[in-house]
Amino acid sequence: MIDLRSDTVTRPTPAMRKAMAEAPVGDDVLGDDPTVAALEEAVAEVLGKPAAVYMPSGTMTNQSAIRAHTEPGDEIVVEAEAHVYYYESGGPAALSGVMCRLVSGNRGVFTAAQLRAALRPANPHFPRTRLVCVENTHNRGGGSVWPIDTVAEVAQVAREAGLRLHLDGARLWNAAVVTGIPERDYATFFDSVSVCFSKGLGAPVGSALAGERDFIARARRFRKQFGGGMRQAGIIAAGALHALRHHRRRLAEDHDHARRLAEALAGMSGIRLDPAAVQTNIVVMRVTRRAASEVSAALREAGVLVHATGPDTLRAVTHLDVGSEDIDRAVECFRRVLEA
Ligand SMILES: *Cc1c(COP(=O)(O)O)cnc(C)c1O
């Protein structure tokens, strides 16, 4: 099976497993785990922030950030298909009691003018707008990258309005590799940044949230409240640290694979896809003859796993465990299924 459902399906490499087996550990809720501390320090350094906290998932880093930035009854501005809104089980409502004001971006990227139009004047009739969330790269946008100038313009409008900014950077690593813009240059526009180790970086567990010291101390409290305090977490943090050190630059390979897959699929009948839209490791395509669920079932029979992300859309994601020859084989499977 060639598994293109998500970049979350990667397994730890032998070197990563060795680092995990040998990691020094302690009780992290008591602040005693040296490997978790080393990971948090390394992440803070990469993102140019004073502090960071390790958590079990990106959902928890995002939702802890939203909770730490807001009070119940506040409003946050998010893109209509943003992960924090679309894929986190209603977290903003359930955990923070906030309202989401949606802005529809172009493949997940919205403009400063759109943000300005969504802002409300201070008035007791309105919820208090507190936070703007940006997702880079954008998952449902097909791995699209935010141009840094657009980030700067959006951040300026947010600052002028006294709002705080959160970056869901689960795949910020991919944006940094494809643009050559370091993660910290993106991070500088945000009060908080969430990054993920278990997607393209290939670690088994975890995400981190970075920001100012006081903010991270507050988020740490919500991590505990949401059930994310972990004990000898150095075992898994060691995998994340190994990934951070060794697996960032190789993401360029995943991007090459995605582009090659997209170019081959774009020529097939029954598929609509613009290869120029593939910027990172996610390939989103429309299927025109059969339902996406039927095509994905047939692909599974043929040996390729992909996700149906809508009635007529399929998503294929490249990652650490997909080699160049797997792409060739996947293309052949698509050909067989579509021509059947
Ligand atoms: C995967 C993902 C997350 C976090 O997902 P978890 O499965 O909770 O770790 C957050 N944001 C984006 C954009 C993602 O793609």
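**Exercise 1. Helices H13 and H14**

Work out how H13 and H14 are oriented to each other in this predicted model, and describe the residues that join them.

*Solution.* Begin with the geometry. Helix H13 spans residues 292–302 and helix H14 spans residues 324–339; the two pack at an angle of about 125°, and their axes are 9 Å apart. Next, classify that angle. Now look at who touches whom. H13 brings Val-295, Ala-298, Leu-299 and Ala-302, while H14 brings Cys-333, Phe-334, Arg-336 and Val-337. Sorted by class, the contact of H13 with H14 holds seven nonpolar residues, no polar ones and one charged residue.

**Exercise 2. Helix H11 and its partner H2**

Find whether H2 and H11 are roughly parallel or oblique, and list the residues in their contact.

*Solution.* Take the angle as your starting point. Helix H2 (residues 34–47) packs with H11 at about 30°, with the axes 8 Å apart. The cut-off for roughly parallel is an angle under 35 degrees. H2 and H11 are therefore roughly parallel to each other. Their crossing is left-handed. On the H2 side, the contact is made by Thr-35, Val-36, Ala-38, Leu-39, Ala-42, Val-43 and Val-46; on the H11 side, by Gly-234, Ala-237, Ala-238, Ala-240, Leu-241 and Leu-244. By class, the contact of H2 with H11 has 11 nonpolar and two polar residues, and no charged ones.

**Exercise 3. Helix H11 and its partner H1**

Describe how H1 packs with H11, and say which residues meet.

*Solution.* First, the positions: helix H1 covers residues 14–21 and helix H11 covers residues 234–246, and they pack at an angle of about 140° with axes 8 Å apart. That makes H1 oblique to H11. As for the hand, H1 and H11 cross in a right-handed way. Then comes the contact itself, where Ala-15, Met-16, Ala-19 and Met-20 of H1 meet Ile-235, Ile-236, Ala-238, Gly-239, His-242 and Ala-243 of H11. The residues of this contact of H1 with H11 comprise eight nonpolar, two polar and no charged. To link this with the previous exercise, compare the two lists for H11: Ala-238 is among the residues that meet H1, and Ala-238 is also in the contact with H2.

**Exercise 4. The largest pocket**

Characterise the largest pocket by its volume, its lining and the classes of its residues.

*Solution.* Start with the space, which comes to about 400 Å³. Around it stand 24 lining residues, and those nearest the pocket centre are Arg-107, Arg-140, Gly-141, Gly-142 and Val-284. Two elements give two or more residues to this lining, namely strand E10 (282–287) and strand E13 (313–317). E10 supplies the largest share, five residues. Finally, sort the lining by class, and you get eight nonpolar, eight polar and eight charged residues.

**Exercise 5. The cavity and two backbone features**

Locate the cavity, then find where the cis peptide bond and the positive phi of Ser-89 lie.

*Solution.* A search of the whole structure turns up one cavity of 30 Å³ or more. The largest cavity has a volume of about 50 Å³. Its lining is made of His-83, Glu-135, Thr-137, Asn-139, Asp-168, Ala-170, Arg-171 and Lys-199, which divide into one nonpolar, three polar and four charged. Keep your eye on Thr-137, a residue of that lining. A cis peptide bond, with omega about 0°, joins Asn-136 to Thr-137. Thr-137 sits in the loop between strand E5 (129–135) and helix H7 (148–160). Last, turn to Ser-89, whose phi is near 55°, a positive value in a residue other than glycine. Ser-89 is placed in the loop between helix H4 (83–86) and helix H5 (91–96).

Key: Residues are numbered from 1 along each chain as its sequence is written. This is a predicted model: local features need pLDDT of at least 70, side-chain atom pairs count only at pLDDT 80 or more; totals for chains, interfaces and linings use all residues. Side-chain values use heavy atoms; hydrogens and water are left out. Axes are lines fitted to C-alpha atoms, for helices over the stretch in contact, and angles run from 0 to 180 degrees between N-to-C directions. Helices (H or I, at least four residues) and strands (E, at least two) are DSSP runs, numbered from the N terminus. Angles under 35 degrees count as roughly parallel, over 145 as roughly antiparallel, 65 to 115 as roughly perpendicular and the rest as oblique. A crossing is left-handed if the near helix is turned anticlockwise from the far one by less than a right angle, and right-handed if clockwise. Contact means heavy atoms within 4.5 Å. Ala, Val, Leu, Ile, Met, Phe, Trp, Tyr, Cys and Pro count as nonpolar, Asp, Glu, Lys and Arg as charged, and the others, Gly among them, as polar. On a 1 Å grid over the protein atoms alone, a cavity is a set of points where a 1.4 Å probe fits but cannot get out, and a pocket is an open set with protein on both sides within 12 Å along at least five of seven lines; lining residues have an atom within 4 Å of a point. Grid points are joined across faces, edges and corners, and a volume is the space filled by probe spheres set on the points.
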